[in-house]
Amino acid sequence: MIVKLFSIADLITAAVMLLLHFSYVPWNIGVAAAIYLMIKWYMFRGDIASFIDLFVGVYIILLMLGFQTFLTYIFTGYLLQKAMLGFIRF
């Protein structure tokens with residue numbers, strides 16, 4: 001059950017990150033997404049996927065500051081595949 005909740009949250013975070021890239025959502029939603037990923041990193045630290053979550057959370061903060069690169073698409077794809085694997089696996 002908890003894996004499906006994390007998968008839904010990753011899916012929402014991927015959408016928020018993509019919408020932040022195109023400036024369609026306010027910054028406070030981006031802060032919530034970044035905090036979610038950083039908390040998830042802290043809860044599951046020691047795993048490489050969790051370290052990538054921390055990096056994506058920092059990137060979301062950079063997105064809010066105007067830093068936009070092709071990494072948005074790579075990180076969105078990463079979160080989407082993580083969410084889909086969570087739905088399929090359990």
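**Stop 1: the salt-bridge network**

Select D10, K40, D53 and K82: salt bridges link these residues in a network. A salt bridge here is a side-chain nitrogen of Lys or Arg within 4 Å of a carboxyl oxygen of Asp or Glu. The structure holds 3 of them.

This is a predicted model, in which local features need pLDDT of at least 70 and side-chain atom pairs count only at pLDDT 80 or more, while totals for chains, interfaces and linings use all residues. Residues are numbered from 1 along each chain as its sequence is written, and side-chain values use heavy atoms, with hydrogens and water left out.

Begin with D10 and K40. Their side chains meet in a salt bridge at 2.8 Å, N to O. The pair links distant parts of the chain: D10 sits in helix α1 and K40 in helix α2, 30 residues apart. Helices are DSSP runs (H or I, at least four residues), numbered from the N terminus.

Are D10 and K40 buried or exposed? D10 counts as buried because its relative accessibility is 3%. K40 is buried too, with a relative accessible area of 5%. Buried means under 20% relative accessible area, exposed over 50%, and partly exposed in between (1.4 Å probe, protein chains only).

The side chains of D53 and K40 form a salt bridge at 3.5 Å, N to O. This pair also links distant parts of the chain, with D53 in helix α3 and K40 in helix α2, 13 residues apart. D53 is buried, with a relative accessible area of 1%.

Now go from D53 to K82. Their side chains meet in a salt bridge at 2.5 Å, N to O.

**Stop 2: helix α2**

Select residues 27-43, which are helix α2. Its 17 residues should span 24 Å at 1.5 Å a residue, and its end C-alpha atoms are 24 Å apart, so the two agree. The expected span is 1.5 Å times one less than the number of residues.

Colour G30, A33, A34, Y36, L37 and K40, the buried residues of α2. They cover an arc of only 150° around the axis, which puts them on the same side of α2. The arc is that of the directions from the helix axis to the C-beta atoms.

Turn to the face of α2 that points away from the buried side. W27 and Y42 are exposed there. Then show what covers the buried residues: the cover includes α1 (2-21), α3 (48-64) and α4 (71-89).

**Stop 3: helix α3**

Select α3 next. This helix has 17 residues and reaches 25 Å from its first C-alpha to its last, close to the 24 Å expected at 1.5 Å a residue.

Which residues of α3 are buried? They are S50, D53, L54, V56, G57, Y59, I60 and L63. Their cover includes α1, α2 and α4. Step past the end of the helix to G66, which follows α3 and has a positive phi, near 105°.

**Stop 4: helix α4**

Move on to α4. Its 19 residues reach 26 Å from first C-alpha to last, close to the 27 Å expected at 1.5 Å a residue.

Colour the buried residues of α4: T72, F75, T76, Y78, L79, K82, A83 and G86. They cover an arc of only 155° around the axis, which puts them on the same side of α4. On the other side of α4, I88 and R89 are exposed. The buried residues of α4 pack against α1, α2 and α3.

**Stop 5: a nonpolar surface patch**

Select L19, F22, Y24, F70, Y73 and I74, which make a nonpolar patch of about 680 Å². Patches are made of residues with over 30% relative accessible area and no salt bridge; like charges are joined within 9 Å, and nonpolar side chains (Val, Leu, Ile, Met, Phe, Trp, Tyr) within 5 Å. Accessible areas come from the Shrake-Rupley method with a 1.4 Å probe; for residues, only the protein chains shown count as cover.

Centre on L19, in helix α1. L19 counts as partly exposed because its relative accessibility is 36%. Leaving aside neighbours within four places in sequence, L19 is in contact with Y24 and V25. Contact means heavy atoms within 4.5 Å.

Last, draw a distance from L19 to G30. They are 9.3 Å apart in space, C-alpha to C-alpha, and 11 residues apart in sequence.

Key:
Helix = DSSP H or I, 4+ residues; strand = E, 2+ residues; numbered from the N terminus.
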